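Me: I would like to learn how to read a model like this one, feature by feature. Please take me through it.

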Amino acid sequence: MKSEILKLLENDAKLSPAQISVMLDLPLDEVTAAITELESNGTILGYKAIVDWEKTERESVTAMIDVKLTPQKDKGFDRVAEKIYNYPEVKSVYLMSGAYDLSVLIEGKTMKEVAFFVSQKLAPIDEVISTATHFVLHKYKDTGVLYDATLDIDERGNCN
Amino acid sequence: MDYGKLLSKTVVNTEKSGIRKFFDIMETMNDVVGLTVGQPDFVTPWHIREAGIESLEKGKTYYTSNAGTMELRVEIDKYLTRRFGISYDPEKEVIVTVGGSEAIDIAIRAIIEAGDEVIIPTPSFVCYAPITRMAGGTPVIVETTYKDKFKLTPEALKAAITPRTKMLVLPYPNNPTGAIMTKEELEGIAEVLRDTNVLVLSDEIYAEMTYGRDHCSIASIEGMKERTIIVSGFSKAYAMTGWRLGYLCAPAPLTEQMLKIHQYCIMSAPTTAQFAAIEAMKNGDDDVRMMVDEYNRRRRYIYNGLKGIGIESFEPEGAFYIFPNIGQFGMSSDDFCAKLLYDYKCAIVPGNAFGAGGEGFARISYAYSIKHITQALERIEAFVKSL
(Lines give C-alpha, C1' and ligand atoms only; values in the text may rest on other atoms or scores of the structure.)
Protein backbone atom coordinates (compact mmCIF):
# COMPACT_ATOMS: atom_id res chain seq x y z
CA MET A 1 0.00 0.00 0.00
CA LYS A 2 2.76 2.45 0.97
CA SER A 3 4.64 2.01 -2.26
CA GLU A 4 1.42 2.66 -4.19
CA ILE A 5 0.89 5.88 -2.25
CA LEU A 6 4.51 6.89 -2.78
CA LYS A 7 4.28 6.28 -6.51
CA LEU A 8 1.21 8.53 -6.74
CA LEU A 9 2.77 11.30 -4.66
CA GLU A 10 6.08 11.11 -6.48
CA ASN A 11 4.17 11.77 -9.65
CA ASP A 12 1.84 14.43 -8.24
CA ALA A 13 2.52 15.72 -4.73
CA LYS A 14 -0.63 17.80 -4.75
CA LEU A 15 -2.96 14.80 -4.61
CA SER A 16 -4.96 14.97 -1.39
CA PRO A 17 -5.29 11.99 0.95
CA ALA A 18 -8.98 11.90 0.01
CA GLN A 19 -8.16 11.61 -3.68
CA ILE A 20 -5.56 8.94 -3.00
CA SER A 21 -7.94 6.94 -0.86
CA VAL A 22 -10.47 6.84 -3.70
CA MET A 23 -7.90 6.07 -6.39
CA LEU A 24 -6.41 3.18 -4.43
CA ASP A 25 -9.67 2.03 -2.87
CA LEU A 26 -8.30 2.39 0.68
CA PRO A 27 -9.90 3.89 3.80
CA LEU A 28 -9.09 7.57 4.17
CA ASP A 29 -7.76 7.25 7.72
CA GLU A 30 -5.32 4.53 6.61
CA VAL A 31 -4.01 6.73 3.81
CA THR A 32 -3.64 9.72 6.10
CA ALA A 33 -1.84 7.61 8.71
CA ALA A 34 0.47 6.10 6.09
CA ILE A 35 1.43 9.51 4.70
CA THR A 36 2.07 10.89 8.21
CA GLU A 37 4.27 7.91 8.94
CA LEU A 38 6.17 8.22 5.67
CA GLU A 39 6.76 11.88 6.39
CA SER A 40 7.89 11.37 9.96
CA ASN A 41 10.21 8.47 9.24
CA GLY A 42 11.90 10.43 6.48
CA THR A 43 10.71 8.36 3.52
CA ILE A 44 8.95 11.40 2.14
CA LEU A 45 11.55 14.13 2.46
CA GLY A 46 9.57 17.02 1.13
CA TYR A 47 7.23 18.40 -1.52
CA LYS A 48 8.53 20.93 -4.03
CA ALA A 49 7.42 22.56 -7.25
CA ILE A 50 9.37 21.81 -10.41
CA VAL A 51 10.17 25.23 -11.84
CA ASP A 52 11.40 26.03 -15.30
CA TRP A 53 13.37 29.16 -14.47
CA GLU A 54 14.07 29.75 -18.14
CA LYS A 55 10.47 30.93 -18.40
CA THR A 56 11.05 33.63 -15.79
CA GLU A 57 13.08 36.82 -15.55
CA ARG A 58 15.43 35.27 -13.05
CA GLU A 59 18.94 34.58 -14.31
CA SER A 60 20.20 31.18 -13.37
CA VAL A 61 22.87 28.73 -14.45
CA THR A 62 23.30 25.13 -13.43
CA ALA A 63 26.58 23.26 -13.49
CA MET A 64 27.54 19.67 -12.82
CA ILE A 65 30.96 19.33 -11.28
CA ASP A 66 32.93 16.10 -11.27
CA VAL A 67 35.08 16.05 -8.17
CA LYS A 68 38.01 13.71 -7.51
CA LEU A 69 38.92 13.20 -3.87
CA THR A 70 41.46 11.58 -1.57
CA PRO A 71 39.47 9.48 0.85
CA GLN A 72 39.99 10.21 4.54
CA LYS A 73 40.98 7.49 6.93
CA ASP A 74 37.90 5.92 8.62
CA LYS A 75 35.52 8.46 7.17
CA GLY A 76 35.84 7.68 3.47
CA PHE A 77 34.21 10.47 1.52
CA ASP A 78 31.48 11.32 4.00
CA ARG A 79 33.20 14.21 5.74
CA VAL A 80 34.19 15.92 2.49
CA ALA A 81 30.73 15.37 1.07
CA GLU A 82 29.31 17.09 4.12
CA LYS A 83 31.65 20.06 3.69
CA ILE A 84 30.42 20.42 0.15
CA TYR A 85 26.70 19.86 0.60
CA ASN A 86 26.47 22.42 3.38
CA TYR A 87 26.89 25.21 0.85
CA PRO A 88 23.36 26.40 0.04
CA GLU A 89 24.15 26.85 -3.65
CA VAL A 90 24.83 23.10 -3.90
CA LYS A 91 21.60 21.41 -5.03
CA SER A 92 22.74 17.81 -4.96
CA VAL A 93 25.74 15.71 -4.17
CA TYR A 94 26.11 12.11 -5.33
CA LEU A 95 28.88 9.63 -4.59
CA MET A 96 29.73 8.03 -7.92
CA SER A 97 31.37 4.92 -9.22
CA GLY A 98 33.85 5.36 -12.08
CA ALA A 99 36.30 8.06 -13.11
CA TYR A 100 35.52 10.54 -10.33
CA ASP A 101 34.09 10.43 -6.83
CA LEU A 102 31.48 13.12 -6.27
CA SER A 103 29.02 14.62 -8.68
CA VAL A 104 28.02 18.05 -7.43
CA LEU A 105 25.10 19.94 -8.91
CA ILE A 106 25.25 23.62 -8.26
CA GLU A 107 23.01 26.49 -9.18
CA GLY A 108 24.14 30.11 -9.40
CA LYS A 109 23.00 33.38 -10.92
CA THR A 110 25.83 33.62 -13.42
CA MET A 111 28.67 31.54 -14.78
CA LYS A 112 31.01 33.85 -12.93
CA GLU A 113 29.32 33.05 -9.66
CA VAL A 114 29.66 29.33 -10.28
CA ALA A 115 33.28 29.70 -11.33
CA PHE A 116 33.92 31.64 -8.12
CA PHE A 117 32.38 28.86 -6.07
CA VAL A 118 34.56 26.25 -7.71
CA SER A 119 37.82 28.16 -7.47
CA GLN A 120 37.31 29.72 -4.05
CA LYS A 121 35.31 27.16 -2.13
CA LEU A 122 35.42 23.75 -3.75
CA ALA A 123 38.93 23.42 -5.16
CA PRO A 124 40.72 24.64 -2.00
CA ILE A 125 39.29 21.81 0.12
CA ASP A 126 42.27 19.68 1.12
CA GLU A 127 40.90 16.36 -0.05
CA VAL A 128 39.86 17.65 -3.46
CA ILE A 129 42.34 16.47 -6.08
CA SER A 130 40.64 17.91 -9.13
CA THR A 131 37.38 19.33 -10.46
CA ALA A 132 35.77 19.41 -13.89
CA THR A 133 32.88 21.83 -14.32
CA HIS A 134 30.20 21.23 -16.94
CA PHE A 135 27.63 23.95 -17.48
CA VAL A 136 24.10 22.89 -18.34
CA LEU A 137 23.12 24.56 -21.58
CA HIS A 138 19.49 23.50 -21.62
CA LYS A 139 17.24 21.21 -19.62
CA TYR A 140 15.15 18.84 -21.67
CA LYS A 141 13.86 16.66 -18.88
CA ASP A 142 14.33 16.80 -15.14
CA THR A 143 12.99 14.44 -12.46
CA GLY A 144 10.82 12.83 -15.09
CA VAL A 145 9.28 16.08 -16.27
CA LEU A 146 9.68 17.40 -19.81
CA TYR A 147 10.73 21.04 -19.95
CA ASP A 148 9.83 21.72 -23.53
CA ALA A 149 6.49 19.94 -23.59
CA THR A 150 4.19 21.85 -25.86
CA LEU A 151 1.08 23.16 -24.17
CA ASP A 152 -1.32 20.50 -23.21
CA ILE A 153 -3.45 20.37 -26.35
CA ASP A 154 -5.58 17.30 -26.77
CA GLU A 155 -5.26 16.35 -30.40
CA ARG A 156 -7.04 13.04 -30.10
CA GLY A 157 -9.88 12.50 -32.52
CA ASN A 158 -13.24 11.32 -31.33
CA CYS A 159 -13.88 8.25 -33.41
CA ASN A 160 -15.24 5.70 -31.00
CA MET B 1 -24.93 15.27 -61.99
CA ASP B 2 -27.74 13.75 -59.99
CA TYR B 3 -25.70 12.27 -57.20
CA GLY B 4 -28.84 11.25 -55.36
CA LYS B 5 -29.58 8.77 -58.12
CA LEU B 6 -26.06 7.45 -58.15
CA LEU B 7 -25.35 6.92 -54.49
CA SER B 8 -26.13 3.63 -52.86
CA LYS B 9 -29.36 3.89 -50.90
CA THR B 10 -27.99 1.64 -48.21
CA VAL B 11 -25.09 4.00 -47.63
CA VAL B 12 -27.17 7.17 -47.89
CA ASN B 13 -29.62 5.77 -45.36
CA THR B 14 -26.84 4.90 -42.95
CA GLU B 15 -26.65 7.41 -40.12
CA LYS B 16 -23.42 9.11 -39.15
CA SER B 17 -21.94 8.04 -35.85
CA GLY B 18 -23.53 10.05 -33.02
CA ILE B 19 -20.33 9.98 -30.98
CA ARG B 20 -18.91 12.95 -32.81
CA LYS B 21 -21.94 15.19 -32.42
CA PHE B 22 -20.93 17.07 -29.28
CA PHE B 23 -17.25 16.68 -30.00
CA ASP B 24 -17.66 18.70 -33.18
CA ILE B 25 -19.52 21.44 -31.31
CA MET B 26 -16.94 21.37 -28.54
CA GLU B 27 -14.19 21.98 -31.09
CA THR B 28 -15.78 25.33 -31.94
CA MET B 29 -15.93 26.48 -28.30
CA ASN B 30 -13.26 27.73 -25.91
CA ASP B 31 -12.34 26.32 -22.51
CA VAL B 32 -14.40 23.17 -22.80
CA VAL B 33 -13.39 20.26 -20.63
CA GLY B 34 -14.23 17.17 -22.63
CA LEU B 35 -14.57 13.60 -21.48
CA THR B 36 -15.61 12.32 -24.87
CA VAL B 37 -12.59 10.65 -26.36
CA GLY B 38 -12.57 6.87 -26.80
CA GLN B 39 -8.84 6.33 -26.95
CA PRO B 40 -5.94 6.24 -24.50
CA ASP B 41 -4.28 9.47 -23.43
CA PHE B 42 -0.97 7.65 -23.19
CA VAL B 43 1.54 7.82 -26.00
CA THR B 44 2.65 4.50 -27.48
CA PRO B 45 5.52 3.32 -25.24
CA TRP B 46 8.85 4.47 -26.61
CA HIS B 47 10.37 1.04 -27.20
CA ILE B 48 7.39 0.18 -29.40
CA ARG B 49 7.64 3.43 -31.36
CA GLU B 50 11.37 2.80 -31.71
CA ALA B 51 10.75 -0.61 -33.26
CA GLY B 52 8.52 1.05 -35.87
CA ILE B 53 11.12 3.72 -36.56
CA GLU B 54 13.89 1.14 -36.82
CA SER B 55 11.90 -0.83 -39.37
CA LEU B 56 11.64 2.34 -41.47
CA GLU B 57 15.35 3.02 -41.12
CA LYS B 58 16.09 -0.48 -42.32
CA GLY B 59 13.92 0.12 -45.35
CA LYS B 60 11.12 -2.28 -44.45
CA THR B 61 8.64 -0.38 -46.54
CA TYR B 62 7.17 -3.25 -48.56
CA TYR B 63 3.75 -4.94 -48.35
CA THR B 64 3.83 -7.96 -46.09
CA SER B 65 2.00 -11.18 -46.88
CA ASN B 66 -1.76 -10.63 -46.94
CA ALA B 67 -2.39 -12.07 -43.51
CA GLY B 68 0.50 -10.12 -41.95
CA THR B 69 4.09 -11.10 -41.16
CA MET B 70 4.46 -14.60 -39.79
CA GLU B 71 6.50 -13.27 -36.87
CA LEU B 72 3.61 -11.08 -35.74
CA ARG B 73 1.03 -13.84 -36.21
CA VAL B 74 3.19 -16.14 -34.09
CA GLU B 75 3.39 -13.44 -31.39
CA ILE B 76 -0.39 -12.98 -31.49
CA ASP B 77 -0.88 -16.69 -30.87
CA LYS B 78 1.64 -16.63 -28.01
CA TYR B 79 -0.06 -13.62 -26.50
CA LEU B 80 -3.54 -15.14 -26.62
CA THR B 81 -2.20 -18.34 -25.10
CA ARG B 82 -0.34 -16.46 -22.38
CA ARG B 83 -3.18 -14.12 -21.46
CA PHE B 84 -6.39 -16.00 -22.17
CA GLY B 85 -5.48 -19.64 -22.65
CA ILE B 86 -6.55 -19.87 -26.28
CA SER B 87 -4.34 -20.88 -29.17
CA TYR B 88 -4.64 -20.27 -32.91
CA ASP B 89 -2.59 -21.61 -35.80
CA PRO B 90 -0.56 -18.62 -37.00
CA GLU B 91 -0.46 -20.14 -40.49
CA LYS B 92 -4.17 -20.39 -41.05
CA GLU B 93 -6.21 -18.89 -38.25
CA VAL B 94 -4.82 -15.38 -37.75
CA ILE B 95 -5.26 -12.31 -39.97
CA VAL B 96 -3.58 -9.00 -39.14
CA THR B 97 -5.99 -6.18 -40.02
CA VAL B 98 -6.23 -2.41 -40.20
CA GLY B 99 -7.51 -1.95 -36.68
CA GLY B 100 -10.21 -3.98 -35.01
CA SER B 101 -12.66 -2.15 -37.27
CA GLU B 102 -11.48 -3.85 -40.43
CA ALA B 103 -11.58 -7.17 -38.63
CA ILE B 104 -15.24 -6.59 -37.75
CA ASP B 105 -15.98 -5.57 -41.32
CA ILE B 106 -14.41 -8.55 -43.05
CA ALA B 107 -15.83 -10.95 -40.48
CA ILE B 108 -19.37 -9.72 -41.07
CA ARG B 109 -18.99 -9.45 -44.83
CA ALA B 110 -17.61 -12.97 -45.14
CA ILE B 111 -20.59 -14.43 -43.29
CA ILE B 112 -23.61 -12.22 -43.82
CA GLU B 113 -25.77 -11.84 -46.91
CA ALA B 114 -29.32 -10.78 -47.68
CA GLY B 115 -31.84 -12.24 -45.27
CA ASP B 116 -29.33 -13.13 -42.56
CA GLU B 117 -29.80 -11.85 -39.05
CA VAL B 118 -27.09 -10.60 -36.72
CA ILE B 119 -27.89 -10.26 -33.04
CA ILE B 120 -26.37 -7.10 -31.60
CA PRO B 121 -26.59 -6.27 -27.89
CA THR B 122 -26.84 -2.52 -27.25
CA PRO B 123 -25.75 -0.07 -25.96
CA SER B 124 -22.55 -0.91 -27.80
CA PHE B 125 -20.04 0.50 -30.22
CA VAL B 126 -21.73 1.97 -33.25
CA CYS B 127 -20.35 0.01 -36.20
CA TYR B 128 -21.99 -3.42 -35.99
CA ALA B 129 -25.46 -2.55 -37.30
CA PRO B 130 -24.32 -0.34 -40.24
CA ILE B 131 -21.80 -2.96 -41.40
CA THR B 132 -24.44 -5.66 -41.12
CA ARG B 133 -26.86 -3.60 -43.23
CA MET B 134 -24.19 -2.81 -45.80
CA ALA B 135 -23.62 -6.53 -46.14
CA GLY B 136 -27.35 -6.92 -46.81
CA GLY B 137 -28.11 -8.45 -43.42
CA THR B 138 -30.59 -7.47 -40.75
CA PRO B 139 -29.47 -6.31 -37.33
CA VAL B 140 -31.52 -7.76 -34.50
CA ILE B 141 -31.04 -5.48 -31.53
CA VAL B 142 -31.08 -6.89 -28.02
CA GLU B 143 -31.27 -4.18 -25.39
CA THR B 144 -29.22 -4.78 -22.29
CA THR B 145 -30.28 -3.00 -19.15
CA TYR B 146 -28.91 -1.15 -16.16
CA LYS B 147 -30.61 -3.71 -13.94
CA ASP B 148 -28.54 -6.49 -15.56
CA LYS B 149 -25.39 -4.33 -15.44
CA PHE B 150 -25.64 -4.16 -19.23
CA LYS B 151 -24.75 -7.81 -19.64
CA LEU B 152 -26.29 -10.03 -22.30
CA THR B 153 -28.50 -12.62 -20.61
CA PRO B 154 -29.05 -16.14 -21.98
CA GLU B 155 -32.83 -15.52 -21.90
CA ALA B 156 -32.60 -12.38 -24.04
CA LEU B 157 -30.28 -14.15 -26.45
CA LYS B 158 -32.54 -17.18 -26.73
CA ALA B 159 -35.55 -14.97 -27.47
CA ALA B 160 -33.70 -13.21 -30.28
CA ILE B 161 -32.53 -16.30 -32.15
CA THR B 162 -34.53 -17.23 -35.26
CA PRO B 163 -33.81 -19.70 -38.06
CA ARG B 164 -32.20 -16.80 -39.94
CA THR B 165 -29.71 -15.93 -37.18
CA LYS B 166 -26.13 -16.40 -38.31
CA MET B 167 -24.16 -14.35 -35.87
CA LEU B 168 -24.09 -12.91 -32.39
CA VAL B 169 -21.92 -9.88 -31.79
CA LEU B 170 -20.46 -10.05 -28.28
CA PRO B 171 -19.00 -6.64 -27.47
CA TYR B 172 -17.38 -7.14 -24.04
CA PRO B 173 -15.64 -5.46 -22.23
CA ASN B 174 -18.16 -2.96 -23.45
CA ASN B 175 -17.91 0.49 -24.93
CA PRO B 176 -19.84 2.55 -23.70
CA THR B 177 -21.13 0.87 -20.55
CA GLY B 178 -17.94 -0.58 -19.05
CA ALA B 179 -19.77 -3.90 -18.59
CA ILE B 180 -17.92 -7.18 -18.77
CA MET B 181 -19.02 -10.80 -19.03
CA THR B 182 -17.53 -13.20 -16.51
CA LYS B 183 -16.63 -16.80 -17.26
CA GLU B 184 -19.82 -18.00 -15.55
CA GLU B 185 -21.97 -15.59 -17.54
CA LEU B 186 -20.29 -16.63 -20.77
CA GLU B 187 -21.02 -20.27 -19.90
CA GLY B 188 -24.70 -19.31 -19.95
CA ILE B 189 -24.35 -17.74 -23.40
CA ALA B 190 -22.37 -20.75 -24.63
CA GLU B 191 -25.11 -23.06 -23.38
CA VAL B 192 -27.63 -21.30 -25.62
CA LEU B 193 -25.36 -21.37 -28.65
CA ARG B 194 -23.86 -24.85 -28.52
CA ASP B 195 -26.72 -26.59 -30.28
CA THR B 196 -27.17 -23.89 -32.90
CA ASN B 197 -25.36 -22.96 -36.08
CA VAL B 198 -24.76 -19.41 -34.85
CA LEU B 199 -21.30 -17.81 -34.85
CA VAL B 200 -20.00 -15.42 -32.20
CA LEU B 201 -18.16 -12.30 -33.26
CA SER B 202 -16.38 -11.52 -30.02
CA ASP B 203 -15.06 -7.97 -30.03
CA GLU B 204 -12.33 -8.12 -27.40
CA ILE B 205 -10.52 -4.89 -28.18
CA TYR B 206 -10.76 -3.86 -24.48
CA ALA B 207 -9.69 -7.28 -23.17
CA GLU B 208 -6.71 -5.86 -21.27
CA MET B 209 -8.85 -3.23 -19.58
CA THR B 210 -10.64 -5.17 -16.90
CA TYR B 211 -10.51 -4.32 -13.23
CA GLY B 212 -10.50 -6.76 -10.38
CA ARG B 213 -10.51 -9.82 -12.60
CA ASP B 214 -8.96 -10.96 -15.86
CA HIS B 215 -10.90 -10.95 -19.09
CA CYS B 216 -12.33 -14.27 -20.18
CA SER B 217 -12.70 -14.95 -23.89
CA ILE B 218 -15.75 -16.92 -24.96
CA ALA B 219 -13.43 -18.87 -27.27
CA SER B 220 -11.83 -20.41 -24.17
CA ILE B 221 -15.12 -21.98 -23.14
CA GLU B 222 -15.70 -25.56 -24.07
CA GLY B 223 -17.18 -26.08 -27.52
CA MET B 224 -17.00 -22.37 -28.38
CA LYS B 225 -13.71 -21.95 -30.23
CA GLU B 226 -15.12 -23.60 -33.34
CA ARG B 227 -17.97 -21.10 -33.45
CA THR B 228 -16.10 -17.94 -32.41
CA ILE B 229 -14.37 -15.17 -34.31
CA ILE B 230 -12.13 -13.12 -32.03
CA VAL B 231 -11.53 -9.53 -32.99
CA SER B 232 -8.93 -7.52 -31.14
CA GLY B 233 -6.09 -5.11 -31.72
CA PHE B 234 -3.27 -2.99 -30.41
CA SER B 235 -5.06 0.36 -30.16
CA LYS B 236 -6.36 0.28 -26.62
CA ALA B 237 -3.99 -2.08 -24.81
CA TYR B 238 -0.78 -0.54 -26.11
CA ALA B 239 -2.05 2.98 -26.79
CA MET B 240 -1.53 2.49 -30.52
CA THR B 241 -4.76 3.86 -32.01
CA GLY B 242 -3.03 5.84 -34.74
CA TRP B 243 -1.02 2.86 -35.96
CA ARG B 244 -4.25 1.25 -37.14
CA LEU B 245 -3.49 -2.33 -36.35
CA GLY B 246 -5.77 -5.11 -35.23
CA TYR B 247 -6.27 -8.80 -35.78
CA LEU B 248 -8.80 -11.50 -36.14
CA CYS B 249 -8.63 -15.15 -35.11
CA ALA B 250 -11.10 -17.76 -36.26
CA PRO B 251 -11.33 -21.33 -37.56
CA ALA B 252 -9.45 -21.78 -40.85
CA PRO B 253 -12.54 -22.32 -43.08
CA LEU B 254 -13.70 -18.83 -42.04
CA THR B 255 -10.36 -17.00 -42.23
CA GLU B 256 -9.73 -18.48 -45.67
CA GLN B 257 -12.76 -16.59 -46.97
CA MET B 258 -12.20 -13.44 -44.91
CA LEU B 259 -8.67 -13.23 -46.21
CA LYS B 260 -10.07 -12.80 -49.74
CA ILE B 261 -11.92 -9.63 -48.73
CA HIS B 262 -8.87 -8.37 -46.90
CA GLN B 263 -6.70 -9.21 -49.91
CA TYR B 264 -8.82 -7.26 -52.35
CA CYS B 265 -9.59 -4.18 -50.27
CA ILE B 266 -6.58 -3.83 -47.99
CA MET B 267 -3.79 -6.08 -49.33
CA SER B 268 -1.85 -6.03 -46.08
CA ALA B 269 -1.90 -4.03 -42.86
CA PRO B 270 0.67 -1.23 -42.50
CA THR B 271 4.17 -2.75 -42.35
CA THR B 272 5.67 -0.21 -39.95
CA ALA B 273 2.83 -0.83 -37.53
CA GLN B 274 3.35 -4.57 -37.77
CA PHE B 275 6.99 -4.25 -36.71
CA ALA B 276 6.01 -2.02 -33.81
CA ALA B 277 3.33 -4.53 -32.84
CA ILE B 278 5.82 -7.40 -32.69
CA GLU B 279 7.80 -5.40 -30.11
CA ALA B 280 4.57 -4.59 -28.25
CA MET B 281 3.64 -8.23 -27.89
CA LYS B 282 7.14 -9.40 -27.05
CA ASN B 283 8.05 -6.74 -24.49
CA GLY B 284 4.93 -4.71 -23.76
CA ASP B 285 3.24 -6.58 -20.92
CA ASP B 286 4.63 -4.21 -18.27
CA ASP B 287 3.47 -1.15 -20.19
CA VAL B 288 -0.03 -2.58 -20.39
CA ARG B 289 -0.02 -3.25 -16.64
CA MET B 290 1.14 0.29 -15.90
CA MET B 291 -1.56 1.85 -18.06
CA VAL B 292 -4.34 -0.42 -16.81
CA ASP B 293 -3.38 0.34 -13.18
CA GLU B 294 -3.68 4.01 -13.98
CA TYR B 295 -7.09 3.56 -15.67
CA ASN B 296 -8.21 1.65 -12.61
CA ARG B 297 -7.29 4.51 -10.29
CA ARG B 298 -9.17 6.94 -12.53
CA ARG B 299 -12.12 4.57 -12.72
CA ARG B 300 -12.48 4.56 -8.94
CA TYR B 301 -11.97 8.29 -8.84
CA ILE B 302 -14.68 9.13 -11.36
CA TYR B 303 -17.11 6.52 -10.04
CA ASN B 304 -16.83 7.96 -6.52
CA GLY B 305 -16.83 11.50 -7.83
CA LEU B 306 -20.12 10.99 -9.66
CA LYS B 307 -21.60 9.22 -6.65
CA GLY B 308 -20.62 12.18 -4.48
CA ILE B 309 -22.46 14.52 -6.83
CA GLY B 310 -25.53 12.33 -6.61
CA ILE B 311 -25.31 10.66 -10.03
CA GLU B 312 -25.63 6.92 -9.82
CA SER B 313 -23.84 4.56 -12.15
CA PHE B 314 -23.12 0.91 -11.87
CA GLU B 315 -19.43 0.45 -11.20
CA PRO B 316 -17.76 -0.25 -14.54
CA GLU B 317 -15.55 -3.34 -14.65
CA GLY B 318 -13.95 -2.93 -18.05
CA ALA B 319 -12.86 -0.58 -20.87
CA PHE B 320 -12.32 3.08 -19.85
CA TYR B 321 -15.84 4.42 -19.76
CA ILE B 322 -18.47 5.00 -17.12
CA PHE B 323 -22.14 5.11 -18.11
CA PRO B 324 -24.02 7.13 -15.48
CA ASN B 325 -27.77 7.13 -15.19
CA ILE B 326 -28.91 10.66 -15.90
CA GLY B 327 -32.58 9.75 -16.30
CA GLN B 328 -33.26 11.03 -12.77
CA PHE B 329 -32.85 14.62 -13.98
CA GLY B 330 -35.91 14.43 -16.21
CA MET B 331 -34.15 15.32 -19.42
CA SER B 332 -33.29 13.35 -22.52
CA SER B 333 -29.65 12.35 -22.90
CA ASP B 334 -29.29 14.83 -25.73
CA ASP B 335 -30.73 17.71 -23.69
CA PHE B 336 -28.64 16.88 -20.65
CA CYS B 337 -25.42 16.73 -22.66
CA ALA B 338 -26.26 19.86 -24.67
CA LYS B 339 -27.00 21.91 -21.55
CA LEU B 340 -23.90 20.62 -19.84
CA LEU B 341 -21.85 21.62 -22.86
CA TYR B 342 -23.36 25.02 -23.59
CA ASP B 343 -23.91 26.24 -20.03
CA TYR B 344 -21.15 24.49 -18.10
CA LYS B 345 -18.59 23.80 -20.82
CA CYS B 346 -18.18 20.12 -20.20
CA ALA B 347 -18.59 17.63 -23.04
CA ILE B 348 -19.74 14.04 -22.66
CA VAL B 349 -21.47 11.71 -25.13
CA PRO B 350 -25.24 11.07 -24.92
CA GLY B 351 -26.00 7.41 -24.31
CA ASN B 352 -28.46 7.16 -27.18
CA ALA B 353 -25.54 7.42 -29.61
CA PHE B 354 -24.84 3.79 -28.72
CA GLY B 355 -28.21 2.41 -29.71
CA ALA B 356 -31.33 1.24 -27.96
CA GLY B 357 -31.07 1.16 -24.19
CA GLY B 358 -28.68 4.10 -24.09
CA GLU B 359 -31.32 6.78 -23.63
CA GLY B 360 -31.23 8.17 -20.10
CA PHE B 361 -27.50 7.57 -19.86
CA ALA B 362 -24.31 9.30 -20.95
CA ARG B 363 -20.87 7.99 -21.71
CA ILE B 364 -18.00 9.52 -19.83
CA SER B 365 -14.50 8.51 -20.83
CA TYR B 366 -11.82 8.43 -18.15
CA ALA B 367 -8.92 8.24 -20.56
CA TYR B 368 -7.85 11.58 -19.11
CA SER B 369 -5.58 12.79 -16.30
CA ILE B 370 -6.93 13.02 -12.75
CA LYS B 371 -6.53 16.78 -12.95
CA HIS B 372 -8.69 16.92 -16.07
CA ILE B 373 -11.28 14.57 -14.59
CA THR B 374 -11.42 16.68 -11.41
CA GLN B 375 -12.12 19.79 -13.45
CA ALA B 376 -14.87 18.04 -15.41
CA LEU B 377 -16.47 16.69 -12.23
CA GLU B 378 -16.60 20.21 -10.79
CA ARG B 379 -18.50 21.39 -13.85
CA ILE B 380 -20.88 18.45 -13.80
CA GLU B 381 -21.52 19.10 -10.12
CA ALA B 382 -22.28 22.77 -10.75
CA PHE B 383 -24.69 21.77 -13.52
CA VAL B 384 -26.47 19.13 -11.49
CA LYS B 385 -26.82 21.49 -8.52
CA SER B 386 -28.50 24.04 -10.77
CA LEU B 387 -31.24 21.59 -11.72
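This is a predicted model: local features need pLDDT of at least 70, side-chain atom pairs count only at pLDDT 80 or more; totals for chains, interfaces and linings use all residues.

Me: Where in chain A is confidence lowest, and where is it highest?

Reply: The lowest mean, 88, belongs to strand 6 of chain A (residues 145–146), and the highest, 97, to helix 3 of chain A (residues 28–40). For chain A the mean pLDDT is 92, with 98% of residues at 70 or more.

Me: How is chain B divided into domains?

Reply: Domain 1 of chain B is made of two segments, 3–44 and 286–386, while domain 2 is 46–284. Their centres, over C-alpha atoms, are 24 Å apart. The contact between them draws 35 residues from domain 1 of chain B and 38 residues from domain 2 of chain B. On the domain 1 side, helix 12 (285–309) and strand 9 of chain B each supply at least two residues. Helix 12 of chain B gives the most, with 7 residues. By type, that side holds 18 nonpolar, 13 polar and 4 charged residues.

Me: How many residues do the two chains bring to their own contact?

Reply: Chain A has 9 residues in contact with 13 residues of chain B. The chain A side divides into 4 nonpolar, 3 polar and 2 charged.

Me: Why is strand 6 of chain B described as largely enclosed?

Reply: Burial is judged by counting C-beta neighbours: 20 or more within 10 Å makes a residue buried. In strand 6 of chain B (residues 199–203), 5 of the 5 residues are buried, so the strand is largely enclosed by the rest of the structure. Both faces are covered, with B:Leu199, B:Leu201 and B:Asp203 on one side and B:Val200 and B:Ser202 on the other.

Me: Which strands pair with strand 6 of chain B?

Reply: Strand 5 of chain B (residues 165–170) runs parallel to strand 6 and is joined to it by 4 bridges. Within this pairing, B:Met167 stands opposite B:Leu199. The chain passes from strand 5 through helix 9 (residues 183–193) to strand 6 of chain B, a right-handed β-α-β crossover. Strand 7 of chain B (residues 228–233) also pairs with strand 6 in the parallel sense, over 4 bridges. There, B:Leu201 has B:Ile229 as its bridge partner.

Me: In what order do the strands of the open sheet in chain B lie?

Reply: The order is 9-12-11, and the pairing is antiparallel. Strand 9 (321–322) and strand 11 (349–350) of chain B are the edges, each pairing on one side only. Strand 9 is joined to strand 12 of chain B (residues 362–365) by 2 bridges, and B:Tyr321 is the bridge partner of B:Ser365.

Me: What should I look for in the backbone angles?

Reply: Most residues other than glycine have a negative phi, and most peptide bonds are trans. A:Asp25 has a positive phi, near 55°. A:Asp25 lies in the loop between helix 2 (17–24) and helix 3 of chain A, and counts as partly exposed because 13 C-beta neighbours lie inside 10 Å. A:Thr143 has a positive phi near 40°, and is exposed, with 7 other C-beta atoms within 10 Å.

Me: Which peptide bonds are cis?

Reply: One of them joins B:Thr122 and B:Pro123, with omega about 0°. Another runs from B:Asn175 to B:Pro176, with omega near 20°; B:Pro176 is in the loop between strand 5 and helix 9 of chain B.

Terms used. Residues are numbered from 1 along each chain as its sequence is written. Chains are lettered from A and ligands numbered from 1 in the order in which they are written. Two strands pair if DSSP finds at least two bridges between them. A residue is buried if 20 or more other C-beta atoms lie within 10 Å of its own, exposed if 12 or fewer, and partly exposed in between; C-beta atoms are placed from the backbone. A crossover is right-handed if, with the strands pointing away from the viewer, the path from the first strand over the helix to the second runs clockwise. Two residues are in contact if their C-beta atoms, placed from the backbone, lie within 7 Å. Ala, Val, Leu, Ile, Met, Phe, Trp, Tyr, Cys and Pro count as nonpolar, Asp, Glu, Lys and Arg as charged, and the others, Gly among them, as polar. Domain bounds come from an automatic or database domain assignment. pLDDT is the predictor's confidence in each residue, from 0 to 100.
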